[in-house]
Amino acid sequence: MDPLEELRRLCLALPETTERLSHDEPTWFVRGKKTVVMYAGHHHDDRVAFWCPAPPGVQEELVAQEPDRFFRPPYVGHRGWLGVWLDVPVDWAEIRAIVVEAYRMVAPKKLLAELDG
């Protein structure tokens, strides 16, 4: 399974989410404005990953528990964003939950109601 294609499928299934390049990488936005997920395919190093906003404390907890799967991404890590490696064995149900939680962090209430409806 191509991690970019699977990540794209998950992101574009969310209400009013679109994709465009940002910093030469596929990135998904809610209503074209708020970033939900940024793909990192060898842009910063030789690894494949994605970055997304996460609830307070989640980044620190996951990075401490499983540093082989999660990391503090550059540029946005200080704001609590979570980095998720995609070049390791991946549980796509867990990835979906992380992506949905990132969406919940940035989407307006109307779209959250649509997501939950």
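Biologist: How many aromatic pairs does a search of the whole structure find?

Modeller: The search finds 2 aromatic pairs. Rings of Phe, Tyr and Trp (its six-membered ring) pair if their centres lie within 6.5 Å; planes under 30 degrees apart count as stacked, over 60 as edge-to-face and the rest as tilted. Tryptophan 51 and tyrosine 75 form a tilted pair, 6.4 Å centre to centre, with 45 degrees between the planes. This is a predicted model: local features need pLDDT of at least 70, side-chain atom pairs count only at pLDDT 80 or more, and totals for chains, interfaces and linings use all residues. Residues are numbered from 1 along each chain as its sequence is written, and side-chain values use heavy atoms, with hydrogens and water left out.

Biologist: Where do tryptophan 51 and tyrosine 75 lie?

Modeller: Tryptophan 51 is in strand E4 (residues 48-52), and tyrosine 75 is in the loop between strand E5 (70-71) and strand E6 (82-85). They are 24 residues apart, so the pair links distant parts of the chain. Helices (H or I, at least four residues) and strands (E, at least two) are DSSP runs, numbered from the N terminus.

Biologist: Is tyrosine 75 buried or exposed?

Modeller: Buried means under 20% relative accessible area, exposed over 50%, partly exposed in between (1.4 Å probe, protein chains only). Tyrosine 75 has 62%, so this residue is exposed. Tryptophan 51 has 5%, so this one is buried.

Biologist: Why is the pair of phenylalanine 71 and tryptophan 85 stacked?

Modeller: Their ring centres are 4.1 Å apart and their planes are at 25 degrees, so the pair is stacked. Phenylalanine 71 lies in strand E5 and tryptophan 85 in strand E6, so the pair ties together parts 14 residues apart in sequence. Phenylalanine 71 is buried at 13%. Tryptophan 85 is buried at 12%.

Biologist: Which residue lies over the face of tryptophan 85?

Modeller: A charge sits over a ring if NZ of Lys or CZ of Arg is within 6 Å of the ring centre and within 35 degrees of the ring normal. Arginine 47 lies over tryptophan 85, at 3.7 Å from the ring centre. The charged end of arginine 20 sits over the ring of phenylalanine 29, 3.8 Å from its centre.

Biologist: In what order do the strands form the sheet?

Modeller: Two strands pair if DSSP finds at least two bridges between them. Here 6 strands form an open sheet in the order E1-E2-E3-E4-E6-E5, with antiparallel pairing. Strand E1 (17-22) and E5 are the edge strands, each pairing on one side only. E4 and E6 run antiparallel, joined by 4 bridges. Alanine 49 stands opposite tryptophan 85 in E6. E1 is joined to strand E2 (residues 25-30) by 6 bridges. Threonine 18 stands opposite phenylalanine 29 in E2. E1 and E2 form a hairpin with 2 residues between them, and histidine 23 in the turn has a positive phi of about 55 degrees.

Biologist: Which residues line the largest cavity?

Modeller: On a 1 Å grid over the protein atoms alone, a cavity is a set of points where a 1.4 Å probe fits but cannot get out; lining residues have an atom within 4 Å of a point. The count comes to 1 cavity of 30 Å³ or more. The volume is about 40 Å³, meaning the space filled by probe spheres set on the points, which are joined across faces, edges and corners. The lining includes Arg69, Phe70, Trp85 and Glu94. Helix H3 (92-106) and E6 each supply at least two lining residues. H3 gives the most, with 3 residues.

Key
On a 1 Å grid over the protein atoms alone, a cavity is a set of points where a 1.4 Å probe fits but cannot get out, and a pocket is an open set with protein on both sides within 12 Å along at least five of seven lines; lining residues have an atom within 4 Å of a point.
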